[in-house]
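Below is a briefing on a single protein model, grouped by topic.

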Amino acid sequence: MSYRIALNFEDGVTRFIDCHPGEKVLDAAFRAKVNLPMDCSDGVCGTCKCRAEGGAYDLGEDYIDEALTEDEAQAGLVLTCQMVPSSDCTLAVPVTSAACKTGTSSFKAAVVDVVPHQDAALELKLEALGDAPAFLPGQYVNIAVPGSGGQTRSYSFSSPPGSDAPAFLIKRVPGGLMSGYLNSASPGQVLELTGPLGSFYLRPVTRPVLMLAGGTGLAPFLSMLAQLEASGCEQPVYLMYGVTRGADLVLVEQLQGFAQRLDFFSFDTCVVDPASRHPRIGYVTDHLMPEALHDGQVDVYLCGPPPMVDAVRNHFTDLKVEPAGFYYEKFTPNAPANRSQDLAA
């Protein structure tokens, strides 16, 4: 048995390493040929300080206060030269992956099916060739588009972590590179994927959660909800899913399934198009009830196009509400890899 440690680097690259029971994270990383920052490795210098964002662990006892103060420890900081995990953990590493002499992982997967949702989106369903890809719920990969000379596009997993059937929800773009390929893709074709990437992922749920999805920005939330269904959750989780047209509302049946099975989850949808017959017309900010904000004691996760992200941030400012946690990701449907991604907390 070993514990899986996700190392999320400053540049958004994530590497997963296995840590044996009783083993220190720094030693496990070294064994995996990942050179985490370190100097003394004796709990004295503090060079290996990282932030634990999930999981159970022992801080160790062989370090001095100058290397890790009590306040820092209570804030989630750890010394990897001393930290001994007792579960799977996620660590934010405050340097780039290149500085640790590592980089993105890659894997191959075969096309199983491409499911069209009218003219709005395509569901790409794959089968991993080899081990199931490791990722944190909410993260994305770069997919090389066959026949494009190596061009890639970035998409968030809509499937749960650990699944050997990765899936993605992709906006259908007329003339788009990936949309064009998927219109004629055949089962069995092999795709090359690079990742996981991104700092937009589900943190341990310790307070109510508000999820805001714009269009195909729904994808990472499907992965997060699958994770919460598997792990359980004791906090209320509410999702508002906004789209431009009624036809853009896709995979609502999956949300209904989550809502039926999970007593902590509820959701609503809204449509911008004033000609729509949808009961909620307007933007997500038009329909956010005060109770969804829990007077700021809420973790907000937001994935959508840049105007939506900016509008929500301005909405919170106008309301004078500062969420305890605010994690967001901007995407542009037809942009090449290295999509805009921001994180705030």
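Leu251 counts as buried because its relative accessibility is 3%, where buried means under 20% relative accessible area, exposed over 50% and partly exposed in between, for a 1.4 Å probe and protein chains only. This is a predicted model, in which local features need pLDDT of at least 70 and side-chain atom pairs count only at pLDDT 80 or more, while totals for chains, interfaces and linings use all residues. Residues are numbered from 1 along each chain as its sequence is written, and side-chain values use heavy atoms, with hydrogens and water left out.

**Backbone geometry**

- Leu251 sits in the loop between β15 and α5; helices (H or I, at least four residues) and strands (E, at least two) are DSSP runs numbered from the N terminus.
- The phi of Leu251 is positive, about 60°, although the residue is not a glycine.
- Lys33, also other than glycine, has a positive phi near 65°.
- Lys33 belongs to the loop between α1 (25-31) and β3, and it counts as exposed at 66% relative accessibility.
- Gly195 and Pro196 are joined by a cis peptide bond with omega about 10°, and Pro196 is placed in strand β13.
- Most residues other than glycine have a negative phi, and most peptide bonds are trans.

- Ile64 lies in the loop between β4 (57-58) and α2 (70-74) and is partly exposed, with a relative accessible area of 35%.
- Leaving aside residues up to four places away in sequence, Ile64 touches Gly43 and Val44, where contact means heavy atoms within 4.5 Å.
- The C-alpha atoms of Ile64 and Asp42 are separated by 9.2 Å, and the two residues are 22 residues apart along the chain.

**Aromatic rings**

- There are eight aromatic pairs in the structure; rings of Phe, Tyr and Trp (its six-membered ring) pair if their centres lie within 6.5 Å, and planes under 30 degrees apart count as stacked, over 60 as edge-to-face and the rest as tilted.
- Phe157 and Phe168 form a tilted pair, because their ring centres are 5.1 Å apart and their planes are at 35°.
- Phe157 is in the loop between β11 (152-156) and β12 (167-171) and Phe168 is in strand β12, so this pair ties together parts that are 11 residues apart in sequence.
- Phe157 is buried at 1% relative accessibility, and Phe168 is buried with a relative accessible area of 0%.
- Phe200 and Phe221 make an edge-to-face pair, with 6.1 Å centre to centre and 85° between the planes.
- Phe200 is in the loop between β13 (190-197) and β14 (209-214) and Phe221 is in helix α4, so placed 21 residues apart.
- Both Phe200 and Phe221 are buried, and together with Tyr301 and Tyr327 they form one aromatic cluster.

**Largest pocket**

- The largest pocket holds about 650 Å³ of space.
- On a 1 Å grid over the protein atoms alone, a pocket is an open set of points where a 1.4 Å probe fits, with protein on both sides within 12 Å along at least five of seven lines; lining residues have an atom within 4 Å of a point.
- Grid points are joined across faces, edges and corners, and a volume is the space filled by probe spheres set on the points.
- The lining has 29 residues, and Asp88, Thr90, Leu136, Pro137 and Gln227 lie nearest the centre of the pocket.
- At least two lining residues each come from β1 (3-9), β3 (49-54), β7 (89-93) and α4 (219-231).
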